[in-house]
Amino acid sequence: MISDKDQFYMQQAIELAKLGRFTTPPNPNVGCVIVKDDHIIGEGYHQKAGEPHAEVYALIMAGNKAQGATAYVTLEPCSHFGRTPPCADALIKAGITRVVVAMQDPNPSVAGNGIKRLRDAGIEVIVGVLYEQAEAINKGFLKCMRTGIPYVQLKLASSLDGKIAMASGESKWITSSTARQDVQQYRAQASCILSTRATVQADNASLTVRYNELPNEIRKIYPPENIRQPVRVIIDSQNRLTGDENIFSQLGETWIVRKQNIPIIKPNTKLIIESSDQNYIDLVELLKELGKNQINSVWVEAGAHLAGALIEQDLVDELIIYYAPKLLGHNAKDLCVLPNLKKLSLAPQFQFESVKAIGDDLKIILKRK
Ligand code: AOF
Ligand code: ZN
């Protein structure tokens, strides 16, 4: 039976899981709380791939008291030997008698086996408590495990009249610094930032996370060493990047996507060859390739062409638009290019997920309808 208490403790486990959101990729965010006689006797969360899982930290904290206790875990305890041994075994060994799980792990190495192993050991297992929240904290890991394609968030910064740059290409800064801090926070959580040669050269962009531009409330909790640099993935189908651009002298890795085997010899730079028949980059193939390389989530910051192509091919899971209260006029550059769209009835349709004020701007999150 699920009680209010189960929801309460699972909520604590979800909050713990979120603490790992800047460091766990490609692993999921997982939190665990161990409860006995209505007291939390152990808690933990997964911090980094290769390091112990949430349950292990919580069991260490609970020590002998774990005997007869209930464990709340936001993801099914694992049953496999990955980088670490199975958590299901650790829970059994510690004498836990009841396990409440928010959701099954879609990882084929687990996929119900963790739950089965616990039940086979005589442990009562309840599945599905705060399921929606558990889904929401691992959108990238879950989608990529289920489909092989990463979760794609497309970010656009726009004027009121739907323009992203002046005719000259000038676009610094349409939105306020608060909106830009918000963007930094998304970058810091993503596995990669996807952009194009054109954007990299036009803006001389660095596409990095800058610790001192993260919101204050993040910096209060996370020291600089807990903030990763996502991989920069740059589409360069015409082999026009030279290696002198800003991105090549930044911290973190840069992956260049080309049609031909023409590498750029720079430290921390890798070539992805996308070898479909067309002379442009096949975005579905690229996303699959990224998925195979443990890129679970893709944060797209690019111009109107890549934005339009991703939308036309229905590859955007989430659209995040920052609207500045400015007008740029009819000479300015449009938000996205949709060359094949001829009929209103075929217009890509989204639905509003949230609308809120951020600094001087509006932030709108949309999902495909
Ligand atoms: C859990 N608790 O805290 C996490 C789990 O390579 P490893 O050993 O870190 O295993 C990674 C896989 O384990 C990951 O893909 C997911 O299926 C599961 N993650 N499981 O019981 C945790 N982080
Ligand atoms: Zn585990």
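Helices (H or I, at least four residues) and strands (E, at least two) are taken here as DSSP runs, numbered from the N terminus. The structure is a predicted model, in which local features need pLDDT of at least 70 and side-chain atom pairs count only at pLDDT 80 or more, while totals for chains, interfaces and linings use all residues. Residues are numbered from 1 along each chain as its sequence is written, and chains are lettered from A and ligands numbered from 1 in the order in which they are written.

By this assignment, Gly-359 is placed in the loop between S15 and strand S16 (361-368). A residue is termed buried if 20 or more other C-beta atoms lie within 10 Å of its own, exposed if 12 or fewer, and partly exposed in between, with C-beta atoms placed from the backbone. Gly-359 is partly exposed because 16 other C-beta atoms lie within 10 Å. Two residues are in contact if their C-beta atoms, placed from the backbone, lie within 7 Å. When neighbours within four places in sequence are left aside, Gly-359 is in contact with Ser-176, Ser-177, Thr-178 and Ala-179. Between Gly-359 and Asp-89 there are 270 residues in sequence and 49 Å in space, C-alpha to C-alpha.

The chain is divided into domain 1 (4-137) and domain 2 (142-368), with bounds that come from an automatic or database domain assignment. The centres of the two domains, taken over C-alpha atoms, are separated by 33 Å. To the contact between them, domain 1 contributes 8 residues and domain 2 contributes 12 residues. On the side of domain 1 that touches domain 2 there are 4 nonpolar, 2 polar and 2 charged residues; in this classification Ala, Val, Leu, Ile, Met, Phe, Trp, Tyr, Cys and Pro count as nonpolar, Asp, Glu, Lys and Arg as charged, and the others, Gly among them, as polar.

Two open sheets are described next. Strands of a sheet pair through backbone hydrogen bonds, either parallel or antiparallel; two strands are counted as paired if DSSP finds at least two bridges between them. One open sheet has 5 strands in the order S2-S1-S3-S4-S5, and its pairing is mixed. S2 and strand S5 (124-127) each have a single partner strand, so one side of each is left without a neighbour in the sheet. Strand S4 (residues 98-101) runs parallel to S5, to which 4 bridges join it, and Arg-98 stands opposite Glu-124 in S5. Helix H2 packs on the sheet, where it touches S1, S2 and strand S3 (70-73), and its direction makes about 145 degrees with that of S2. Helix H4 (residues 113-120) also packs on the sheet, touching S4 and S5, at about 150 degrees to the direction of S5.

Within this sheet, strand S1 (residues 31-36) and strand S2 (residues 39-45) pair in the antiparallel sense over 6 bridges, and Cys-32 stands opposite Gly-44 in S2. The two strands form a hairpin with 2 residues between them, and Asp-37 in the turn has a positive phi of about 50 degrees. Glu-55, listed by UniProt for "active site" in an unreviewed entry, lies in helix H2 (residues 54-62). UniProt positions are given in the numbering used here, with shortened feature names, and annotations may be inferred rather than shown by experiment. Glu-55 is buried because 28 other C-beta atoms lie within 10 Å. Its contacts beyond four places in sequence include Cys-32, Ala-71 and Val-73.

The other open sheet has 9 strands in the order S11-S10-S9-S8-S12-S6-S13-S16-S15, with mixed pairing. Its edge strands, strand S11 (269-273) and strand S15 (350-358), each pair on one side only. Strand S10 (residues 254-258) runs parallel to S11 and is joined to S11 by 5 bridges. Helix H6 (residues 139-147) packs on the sheet, touching strand S6 (151-159) and strand S12 (297-300).

For "binding site", the unreviewed UniProt entry lists residues including Arg-187 and Asp-203. Arg-187 lies in helix H7 (residues 177-189) and is buried, because 24 other C-beta atoms lie within 10 Å. Asp-203 belongs to helix H8 (residues 197-203) and counts as partly exposed, with 18 C-beta neighbours inside 10 Å.

How values were computed
Axes are lines fitted to C-alpha atoms, for helices over the stretch in contact, and angles run from 0 to 180 degrees between N-to-C directions.
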